[in-house]
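I opened the model to look up how its chains meet. My notes follow the order in which I checked things.

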There are 4 protein chains.
Amino acid sequence: MPQLNVQQLQDFLRTDFPQSSVVVESISERGACVRQTINTSHLRPGGTVSGPVLMAVADIAMYVALLAEIGIVPLAVTTNLSIHFLRKPSADKDILAHCQLLKIGKNLAVGEVTLYSDGYEDAVAHVVATYAIPPRA
Amino acid sequence: MPQLNVQQLQDFLRTDFPQSSVVVESISERGACVRQTINTSHLRPGGTVSGPVLMAVADIAMYVALLAEIGIVPLAVTTNLSIHFLRKPSADKDILAHCQLLKIGKNLAVGEVTLYSDGYEDAVAHVVATYAIPPRA
Amino acid sequence: MPQLNVQQLQDFLRTDFPQSSVVVESISERGACVRQTINTSHLRPGGTVSGPVLMAVADIAMYVALLAEIGIVPLAVTTNLSIHFLRKPSADKDILAHCQLLKIGKNLAVGEVTLYSDGYEDAVAHVVATYAIPPRA
Amino acid sequence: MPQLNVQQLQDFLRTDFPQSSVVVESISERGACVRQTINTSHLRPGGTVSGPVLMAVADIAMYVALLAEIGIVPLAVTTNLSIHFLRKPSADKDILAHCQLLKIGKNLAVGEVTLYSDGYEDAVAHVVATYAIPPRA
């Protein structure tokens, strides 16, 4: 059951990742949804959202879903992330990232994230990521 | 919409992969479920299903889901496969593999597969794989 | 044998990726090395280079290595990228990315990229990526 | 510096993985090379070495390289493995797997493995894998 609510997670992101403009949309059982508003700084030539932007949003979605479950553990770090690019994202739609945690272990958490251009049914990318969780007191 | 039914896919597997004992359980919209009965030849020391067995079952689940959609294309080959091991599988339960295709492109198909020990709710492993589809006449 | 030299690749990057400040250091047989000067915009809290920056540099290293071999093919796109984070990068050192192509096929190219903080012997991250190559006339 | 020699590692494999016929060829600084003799049980239709066989050999190569460095830790388990298939392996050549460890941490080790058909210069597959290392007394 989530230990933190949307507002607490948003506050943590604002403080800990001031450079990120990701908005926490919702949290659910072992899951979270975040939104990245897209502007021209996120685009690459050809008029599509750049790959690193998608990876960054997926990484934060996973981080939010994890913190919602285990509480604020600022030292949790990504150990690996694998992304498959599926379709060209729309240049003028927000990116929505839905994360579902697959495992929350003592040392490692694994989750998958599906990314969409807002309003479209087919995913633009799919991510699996692992976080290392530092020992808790 | 699937082009082939369970029996047609099972027949193809029997002919094309005579060494595999995987059974096609069901097909669905862009998805498939297959079952691997586990015997001692699938176990590794410690009494758990070996990693390569899980990878093999996932690979076939993806192949079945893909063929169900595009028809029998025997030359489709895996180009990459990434597996995360989540929990120790039970030594005396079948492995069930649920595949959902994420993309069916002209040249590439991407799918994810979640693997379970039959009767358990938590997944034992998660796979994302890419297949290259040969040009069709 | 590379078809393009360092200057030609740098010119292409400047035109096609004006937002990137990556510098092409060298090209070699099926390989390339690029450098990203790090400033505070690349850091995340804790004083380390952010993951998405490492992914972006690796992606460009692979793109440069590929274009050096096959010539300017602006439509080549990443289909998947997997990164393992190995050590915390230094906040005040450039990132160097060494790419070696593992396969240059007709439709797909695969490469690995090892990333370093300049001056350190141990890698900070390791990437494997696949590019889809559009049909050539 | 390796803590175990080839014979000690081979003896451990024989005892702990009696089903595997992998032979330890050599160990080096943070690396190992193993050989899998190929017979018809390793082939798939089309006369090529099956993907799960390549994954299994890579997994053992990584395990051997890790044990050589940290000593016999039988509970080390693979947490994720990502394989890219590069070329069709020869049906009548041994598979050689060269592993190089990229990181040996307290809890996690990461390595890459390049697989060859014996006698050929171009790799048939490339693997990156992570092992979880249980706490040591």
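Entry 1: I am working with a predicted model. I keep in mind that side-chain atom pairs count only at pLDDT 80 or more.

**Entry 2: chain B against chain C.** I started with the contact list. I find 4 residues of chain B in contact with 4 residues of chain C. I then looked up the buried area, which is about 280 Å². Carbon and sulfur atoms give 63% of that area. On the chain B side I count 1 nonpolar and 3 polar residues, with no charged ones. I searched this interface for salt bridges and got 0.

**Entry 3: chain C against chain A.** Next I took the interface of chain C and chain A. Here 20 residues of chain C are in contact with 20 residues of chain A. The buried area is about 1,700 Å². Of this, carbon and sulfur atoms give 55%. How many salt bridges does the rule find across this interface? I get 0 between chain C and chain A. For polar contacts I get 6 residue pairs, both partners at pLDDT 80 or more.

I then asked which elements of chain C give two or more residues to the side that touches chain A. They are β3 (43–44), α2 (51–70) and β5 (77–85) of chain C. The largest share is 8 residues, and it comes from β5(C). By class, I sort this side of chain C into 10 nonpolar, 8 polar and 2 charged residues.

**Entry 4: strand pairing.** I followed β5(C) across to chain A. Strand β5 (residues 77–85) of chain A is joined to β5(C) by 5 bridges. The two strands run antiparallel. I looked up one position in this pairing: Asn80(A) stands opposite His84(C).

**Entry 5: Ser90(B).** I finished inside chain B. Ser90(B) sits in the loop between β5 (77–85) and β6 (95–104) of that chain. Is Ser90(B) buried or exposed? Its relative accessible area is 15%, so I log Ser90(B) as buried, the cut-off being under 20%. I checked its side chain for partners. The side chain of Ser90(B) makes a polar contact with the side chain of Asp92(B), at 2.7 Å. I then set aside the neighbours within four places in sequence. That leaves Ser90(B) in contact with Val49(B), Ser117(B) and Tyr120(B).

Notes. Residues are numbered from 1 along each chain as its sequence is written. Chains are lettered from A and ligands numbered from 1 in the order in which they are written. This is a predicted model: local features need pLDDT of at least 70, side-chain atom pairs count only at pLDDT 80 or more; totals for chains, interfaces and linings use all residues. Side-chain values use heavy atoms; hydrogens and water are left out. Contact means heavy atoms within 4.5 Å. Buried area is the accessible area (1.4 Å probe) that two parts lose on being put together, summed over both. A salt bridge is a side-chain nitrogen of Lys or Arg within 4 Å of a carboxyl oxygen of Asp or Glu. Ala, Val, Leu, Ile, Met, Phe, Trp, Tyr, Cys and Pro count as nonpolar, Asp, Glu, Lys and Arg as charged, and the others, Gly among them, as polar. A polar contact is a pair of N or O atoms within 3.5 Å; within protein, one must be able to donate a hydrogen and the other to accept it, and residues adjacent in sequence count only if both atoms are side-chain atoms. Helices (H or I, at least four residues) and strands (E, at least two) are DSSP runs, numbered from the N terminus. Two strands pair if DSSP finds at least two bridges between them. Buried means under 20% relative accessible area, exposed over 50%, partly exposed in between (1.4 Å probe, protein chains only).
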